[in-house]
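Subject: Structure handover

Hello,

Here is the structure I promised you. Please open it alongside this email; my notes follow below.

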Amino acid sequence: MSQTLTIRTAAFNGEPAALTVIYAREDQAPTGAAAAVWASTGLDWAASAAAGAFRGRPGQSLDIIASGGARVLVLGSGRPAADGPLNAWTDRGGSLLARIAATRASLVSVVIDEAEATPQAIGELVAGLRLRHYRFDRYKSPRPEDGPPSLTITLKLADPAAANAAIADRGATVDGTLLARDLVNEPANVLGPVEFAARAASLADLGVSVEILEPEALEKLGMGSLLCVAQGSDRPARLVVMQWRGGNPDDAPLAFVGKGVVFDTGGISIKPAGSMEDMKGDMGGAAAVTGLMLALATRKAPVNVVGVIGLVENMPSGSAVRPGDIVKAMSGTTIEVINTDAEGRLVLADALWYTQDRFKPKFMINLATLTGAIVVALGHEHAGLFSNNDELATRLLAAGLSANEKLWRMPLSPAYDKLIESKFADIRNSVGRPAGSITAAQFLQRFVNDTPWAHLDIAGTAFGAANTEVNTSWAPGFGVALLDRLVRDFYQG
Ligand code: BES
Ligand code: MN
Ligand code: ZN
C-alpha cells in the first residue's frame, strides 16, 4: 500500500520536527529562518563545510544528527532564478521529495525563506512534491523499501496563508494528473469501457454533468466507425460526455476529445507479442481528458468545457471487424478498414463529429495514443501537434512549454490528405509507412468540419518515458497540466 502524504504550511517559528530541511546557498552559511535551525546543530559552518566538502552547490547535501538528537538536512539551494520558468519550482519540489523519502523520516519540516518563493512558486513546489511522491503500487504486497506508512511535510513559510490558496489552486491540477496516471496504469482486466465510464461518472460529485451513451444509442446516432472497433470484444463500447459549465451560459464551450482504447490487441491485424502489455495504456487520451475535467471542476474554472471520450476494447474474435470491411461513420463518410490496428482514428472519427455537431465548440482538441510513427519521429520528449488553426497551435505550444509537457508541430496538407483515399469507400483507415502520423491526422481532420481543431498524438508521452524529477511512474498523466495551463492562460475570463 502507498504511503500517505500530507503537506501543511506553517509560519517559521513553531514546533520542531524529527527532521528539518533547510537550504544553503553556495559558499554561504544559512541565513534568516534557516540560520536558527543551523545554530541548533551546534556545528561550526566553516569547519563542517570543509570536513564534508559541502559547499551548498545544487545537488549537494549535508545530513546532520545534532547532539540533542534532532536531525537537520541541509540542501544546496539549487533555487530557481527569480526570472526563470515557474516549472523549475515543480522540479525542485520533485527532487526535494526524493531527498526526504531517502531519509525515511515521517515527520519533516522544510524551511523555505527565499524571497523568490512567491505563493505561485510554492504552489509549484508542492505540486512537485505530490507528483514525485505518486506510486502505482496497489497490486504490490508491502515492501520494506516503501518507507513509513505516512509522511507529513510542513513547509515553514513567511506567509503561509498566501501560499495556501496557490497550493490548493495548483493542487486541483495535480489531482487531475494523478487521476490520469491511475487510469493509464490500471490493467485492462480491471478497467474496461464500462469501468472507465463509471470512474468518469464519479466526477458528478464535483458538479460535472456526465452522460454515458451505450451501444444502442451509438447505433442510433450512426456511429458505425466507433462501433466496429468494439464489435470483436465481449465488453461493450461506451461514449462518455462530461460537461463543466463554469462560464457564461451563452459562451460556446471548449471541447476535449480522448481516444479510450482500454486495450489494443490490434484486432484481426493482431500485434506482435513484444510489449503488447503496454497497450493497456491505449486509453491515455481519454485519461487525460477525464483528469482535465476533474482539475477544472475542482478549481471551479470560470469556463465552459466539454470532455468526450470514446471507450472500446480492440480484440480479435469471430465477431471482429475484418480488413476490407467498409463501415459508415456518423458524418456519412464511408471508411474501408484496411488494418484493424488503426482503430484509434475510427473511434475518434465519430467522437469528433459528434462533439462538433452537438456542441459547436470554440475549438476541439483531441488527445490520442494514435501512432507508433510519432514515437519514431519524436521519441518520448514531445507529443505531436497537428492543427488546422495557427492561433490554437501557437497557444498549445506555449502552454506545453509552461507546463513542461512539450509539443512539436507537424504538417497537414492536401497532398497528405490525398493519400487516405480508398479504392472502394470514401477513405481508408491505413496507408503505408511513410508519414504514418500525418496520414492518421489527415484522417481525423475529415471529421472536424470547420471547427478550429488540434490533434495531440501522445503515443510517445502517455506512458513509458524515462523518469523525471516529477514522475517515476510508467504513466506521467501527460496532457492534464498542459491543457489546464492552456485554459488558464488563454480562455478564462
Ligand atoms: N495504439 C496504437 C499506437 C501506439 C503504438 C501507441 C505504440 C503507443 C505505443 C495504434 O492503435 C496503432 O496500432 N497504430 C498503428 C497504425 C498502423 C496500423 C497504420 C501503428 O502505429 O502501427
Ligand atoms: Mn492499434
Ligand atoms: Zn491503438
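Helices α9 and α15 are oblique to each other. This is a predicted model, so please read everything here as computed. The two helices cover residues 284-298 (α9) and residues 480-490 (α15). Their axes come within 9 Å and cross at roughly 45°. Angles under 35 degrees would count as roughly parallel, and 65 to 115 as roughly perpendicular. The crossing of α9 and α15 is right-handed. On the α9 side, the contact is made by Ala 288, Gly 291, Leu 292, Ala 295 and Leu 296. On the α15 side, Val 480, Leu 483, Asp 484 and Val 487 take part.

Next, Val 303. This residue lies in the loop between α9 and β10 (304-314). Is Val 303 buried or exposed? Val 303 is buried, because its relative accessible area is 6% and the cut-off for buried is under 20%. Leaving out residues up to four places away in sequence, Val 303 touches Trp 244, Arg 245, Gly 246, Gly 247, Leu 254, Val 487 and Tyr 491. Val 487 also belongs to the α15 side of the helix contact. Ser 430 is another matter: Val 303 and Ser 430 are 127 residues apart in sequence and 37 Å apart in space, C-alpha to C-alpha.

Some pairings, strand by strand:

- β1 and β6 run parallel, joined by 8 bridges. Thr 9 has Leu 155 in β6 as its bridge partner.
- β5 (residues 107-111) is mostly covered, with 4 of its 5 residues buried.
- β5 and β6 (residues 150-157) run parallel, joined by 5 bridges. Leu 107 stands opposite Thr 152 in β6.
- β2 (residues 19-24) pairs with β5 in the parallel sense over 3 bridges. Thr 20 has Ser 109 in β5 as its bridge partner.

One last item on β5. Together with helix α4 (residues 119-133) and β6, this strand makes a right-handed β-α-β unit.

Best wishes

Definitions and conventions:
Residues numbered from 1 in each chain as written. Chains lettered and ligands numbered in written order. Predicted model: local features only at pLDDT ≥ 70, side-chain atom pairs only at ≥ 80, totals over all residues. Heavy atoms only, no water. Buried < 20%, exposed > 50% of the residue type's maximum accessible area, 1.4 Å probe, protein only. Pairing = 2+ DSSP bridges. Right-handed = clockwise from strand over helix to strand, strands pointing away. Axes fitted to C-alpha atoms, helices over the stretch in contact; angles between N-to-C directions. Parallel < 35°, antiparallel > 145°, perpendicular 65-115°, else oblique. Left-handed = near helix turned anticlockwise from the far one by under 90°. Contact = heavy atoms within 4.5 Å.
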